[in-house]
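Hello,

Here is the model I promised to pass on to you.

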Protein chains: 4
Amino acid sequence: MIVVMEEKATEEQISHVIDRLTRLGFDIHRSTGVTRTILGAVGNRLVDTRELELMDAVAEVVRISTPYKLSSKAFKPEGFEISMGDLQIGGPSVIIMAGPCAVESRDQVDTIAGLVKENGAKILRGGAFKPRTSPYSFQGLGEEGLRYLREAADHHRMYVISEVMEISQIPMMLEYVDILQVGARNMQNYNLLRELGKQPKPVMLKRGPAATIEETLLSTEYILSGGNHNVMICERGIRTFETSLRYTLDISAIPVINKLSYLPVIADPSHGTGRRDKVPPMARAAVAAGADGLILEVHHDPDSALCDGPQALLPDQFARLMVELRGIVAAMGRTI
Amino acid sequence: MIVVMEEKATEEQISHVIDRLTRLGFDIHRSTGVTRTILGAVGNRLVDTRELELMDAVAEVVRISTPYKLSSKAFKPEGFEISMGDLQIGGPSVIIMAGPCAVESRDQVDTIAGLVKENGAKILRGGAFKPRTSPYSFQGLGEEGLRYLREAADHHRMYVISEVMEISQIPMMLEYVDILQVGARNMQNYNLLRELGKQPKPVMLKRGPAATIEETLLSTEYILSGGNHNVMICERGIRTFETSLRYTLDISAIPVINKLSYLPVIADPSHGTGRRDKVPPMARAAVAAGADGLILEVHHDPDSALCDGPQALLPDQFARLMVELRGIVAAMGRTI
Amino acid sequence: MIVVMEEKATEEQISHVIDRLTRLGFDIHRSTGVTRTILGAVGNRLVDTRELELMDAVAEVVRISTPYKLSSKAFKPEGFEISMGDLQIGGPSVIIMAGPCAVESRDQVDTIAGLVKENGAKILRGGAFKPRTSPYSFQGLGEEGLRYLREAADHHRMYVISEVMEISQIPMMLEYVDILQVGARNMQNYNLLRELGKQPKPVMLKRGPAATIEETLLSTEYILSGGNHNVMICERGIRTFETSLRYTLDISAIPVINKLSYLPVIADPSHGTGRRDKVPPMARAAVAAGADGLILEVHHDPDSALCDGPQALLPDQFARLMVELRGIVAAMGRTI
Amino acid sequence: MIVVMEEKATEEQISHVIDRLTRLGFDIHRSTGVTRTILGAVGNRLVDTRELELMDAVAEVVRISTPYKLSSKAFKPEGFEISMGDLQIGGPSVIIMAGPCAVESRDQVDTIAGLVKENGAKILRGGAFKPRTSPYSFQGLGEEGLRYLREAADHHRMYVISEVMEISQIPMMLEYVDILQVGARNMQNYNLLRELGKQPKPVMLKRGPAATIEETLLSTEYILSGGNHNVMICERGIRTFETSLRYTLDISAIPVINKLSYLPVIADPSHGTGRRDKVPPMARAAVAAGADGLILEVHHDPDSALCDGPQALLPDQFARLMVELRGIVAAMGRTI
């Protein structure tokens, strides 16, 4: 951390800051320039920089080390892949996760699993808990839904991803799913993240719509510090002034995270756009920008879907998209 | 326009609104429902909807026709291409515009033109007026710069795009350039736009960093209404809370504009990211999302560039990117 | 809801939309204009407008009734106050809630309660659960903290507000607190909101940093629909591109909500700015804009505070602010 | 400027950075820590930090001095007031600027001048050039409008503020106006700003809707460096995801600028909200937050106004607001 003093800082004010830093456990390197004094504070203590900013004659306080450590590129300079059976996430192969927004019935999820698998999806998605709808709407099938999901995945030789909403659900979910998804609203539910760090299955953490990339990486630290390194980040749209779509899918977050961290990045163009007709272009863009995977909503009969029908791809749209994606990843030396 | 009255609106309040609408030249269709009255106002007058929103007992006012007409898809349902010699913009071919941020010398621009042309760029970019730098910085070569640009383009059989900053520059610029670029800061300089509508050369209008897509389309109307239909829109990044890059390149604007309008869409990943290492992934993403072209900064010696060196691609980066782009557009049935 | 058809919509496409609306349970008023057809759909069913937007030849779909009903001004046109003993929130008196970020000890909270009460605060705030800190930081005193809070409030004849984080905490919290606060991260935790609608104590719902005003009002519906009308909304800052402070306290949300809803509005300048020196100006601004109350962090020794010390007002700052606030509310015909 | 090297930076990479900094004219202080090396670069050269960020093994580059110098508090620690006849802007008195959006006729502006003066406004506002309307709308009266403005101001003993749109207008405007306003769209028109630095009359610079506070302060440097220190900043709303009003008036910018700079801050709640009913609460809030003045649109007959009628206060609203404002500023030890 570097503390820049104001030009007119007195010796007393400077000492005051040095005292404070020393009490906080830092080693101090003082550099007295012609116009101003700069204090380098070296140490591992996490400090709320505002405490120092508010001290007299302090002009600015700058953190010099990234606050996220375990997720930073420096931690695994050799690169990283999540391994799951015969699947690697974060390697040369781009992974497609697809399925319905919500599991509605055994037949529905099996039908959809069949058609997405046939076109190249490796992981089956589907929600079992749907608390966000109105009190009178479909709330999800709960554990029954997870069972259908597992059965469909086994039937079509796929893996399963589904969202965990609270700590109490973790043990039950571990019986059915291969990847635990943390929704955008829980991105800073640190108790939940910490618990997920104590179990070994991969976790996909969704970025919140008002969360910076730095905050998202910080959230992954809660899982990583528990010892579980099988973490991937999912970009699913941020809130901006542009309202022609629900969110602005931040495609640039993909290369930014790829530079800062070794964690695989997945993109969710279904939630990121909210409209079926915008999903294929944004899916292609995410992959072209370097995403390690996509999570897509697909439904064979979206007009009757119990949840988010308008953002579900139709089967033939999905098939066409997969063909395009194969061409795009090939141009970048990857496969699907 | 539709005016929704509040549930408790009195007959007198409703009459008041009807009177106002009639005076404004609208035909009124009144629909009296069980709970509330709705007034449909039909007519071509442009009206500030706030005037009506502020009237007593008005709950909401909704414009029902898009305020942009000449740029909307309905105006040219058969599609549209800008033709310029042997080049079509907006057709199956994706057009690459490339060159230095600023024209620095005859040699510099000729060298760069040669190398971008060799790799597939058809249009040479370069700034001649650079008012945004500090008073002591390079201000651009002015008309001399345009001459060098034209010579280099002719030498390498390319077209020229350069930015016009004020009305007074138009006649002079028309002698040298093939496409007139309007910068983001002039996006709502309506006087300039109107003048550009009176001349026939293509215009590329850049979206402002705080402008919605709707506002951008509205700005094109000023050019289109003058009779010049050779207009393209350039997405170059919007301001959001995410500050890891200068701007957030709004890739989703590409499919959104493609749905609303027939005008070709170009993306500018150089300004949209501000950093060379982020340009290739975002260039690929823009093309994968359906952009009709890219405008890219390239410099053979960016460390010595007089303007925006950090966002200029190195020659070999550009060459590699062009190879990747060719693969991507092929996957979508297009060419470069 | 109004469905605007495209100009070139065929009769078949229009029938298709009418069929869909009819099946959804709406009554249809068709208005066939010279250039386009407009369908008014009357009914109480909540519908995802995207379903209609994606139909062929639909140009636009507009909801004409506010989706929030129970919180809208029309529902209680005569105004509304939350009554709690001798206190009314939402009436002529502006209510000050103050106290530490976190309850740290019996002494700490009693000391702070004494000094804020002396200066005019009526409600004591203090957090008992602090899950947001790092695993090694202070996590809050839990139920013990609530007990200290209650004792301090009783000692100084104040009311208590504290944050509830999950459904399971509700019964225990009801033993200690007078107002249940829902944090920004739980603003769309609908299960929690629904449970809070089933108990009678007032609830203060904090707006999320990426939530629109409309979404915030929609969230209150979950509490109101359970029969508990003692709801207030708290503005605590939104995420914008301006990063000089943590959040941008959206002062304009105060008059906007005051126009749309009868629910009292509280402002939180401590979280909304994150820095002690910015709290007094923003507290004054919020009250001047019409806030019904403020929630403020105050600490007698913020350098030693276990949580968010930099945003806690010092006792003398708080005292001075209260004097200024009294003058400001008097100018608007209110009291503190 | 401080350059933080990556943990694994080699000695060669570090030398490379030192070379570059030396060539750029900086003195280097090298600090070699246990885990990483930090380079302090001291000097006055302005440098694009991205050039260094892109070098090998550079983790981060941090500017340590504010890029704005002439506008910073340190430059005039004793405070600053703009003096204009018997008026001081930035002193204990809060200054009200009021008048119509556009000058429409001699009578109109004289009538409005009379009523705003009577209620305490000291400065008369009014636009003479209105390029932003559609080609068929009122474009402003031009020089004739400025003459009416001057006559009305003289008649009622007021000062005049009006917007200058281009360099060529400056000499003519100086004949009529006392304060030159720079609109948000011209905030980064550096040529215009530089010219305004060469004349002595006060300038009010409006912040752009996508401009950070730092960028706004940087823009003032262009005027200040010409020798004209009579500069004030106007907050008029930023673009955010909240669309219930046109812009989000960033009230917190007022105390932030007051801390960073000695320049007076004016707020424009008329443009910042776009709706008459929201102007009084936001005007009160701005003043309560410490604004040195307000600029307000007032019209005696807004329904017939040729420009922005919906955001003009009615005369009695303005009178009532002025009474409230007097009470508010009194509570803060100021006057109107």
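**Helix packing and chain symmetry**

In chain A, helix α10 (residues 279–288) packs against helix α11 (residues 315–331) at an angle of about 20°, with the two axes 10 Å apart. That angle makes α10(A) roughly parallel to α11(A) (angles under 35 degrees count as roughly parallel, over 145 as roughly antiparallel, 65 to 115 as roughly perpendicular and the rest as oblique). Axes here are lines fitted to C-alpha atoms, for helices over the stretch in contact, with angles running from 0 to 180 degrees between N-to-C directions; helices (H or I, at least four residues) are DSSP runs, numbered from the N terminus. On the α10(A) side, the contact (heavy atoms within 4.5 Å) is made by Pro280(A), Ala283(A), Arg284(A), Val287(A) and Ala288(A), and on the α11(A) side by Leu321(A), Glu324(A), Leu325(A), Ile328(A) and Val329(A). Eight of the residues in this contact are nonpolar, none is polar and two are charged (Ala, Val, Leu, Ile, Met, Phe, Trp, Tyr, Cys and Pro count as nonpolar, Asp, Glu, Lys and Arg as charged, and the others, Gly among them, as polar).

A quick word on conventions: this is a predicted model, in which local features need pLDDT of at least 70 and side-chain atom pairs count only at pLDDT 80 or more, while totals for chains, interfaces and linings use all residues. Residues are numbered from 1 along each chain as its sequence is written, chains are lettered from A and ligands numbered from 1 in the order in which they are written, and side-chain values use heavy atoms, leaving out hydrogens and water.

Now the symmetry. Chain C superposes on chain B by a rotation of 180° with 0.0 Å of shift along its axis (RMSD 0.1 Å), which is the relation of a two-fold axis. Such copies are superposed by least squares on the C-alpha atoms of residues with pLDDT of at least 70 in both. Within chain C, Phe241(C) has the C-alpha nearest the axis, 1.9 Å from it.

Chain B goes onto chain A with a rotation of 180° and 0.0 Å of shift along the axis (RMSD 0.0 Å). Here Ala285(B) has the C-alpha of chain B nearest the axis, at 2.0 Å.

Best wishes

Definitions and conventions: Helices (H or I, at least four residues) and strands (E, at least two) are DSSP runs, numbered from the N terminus.
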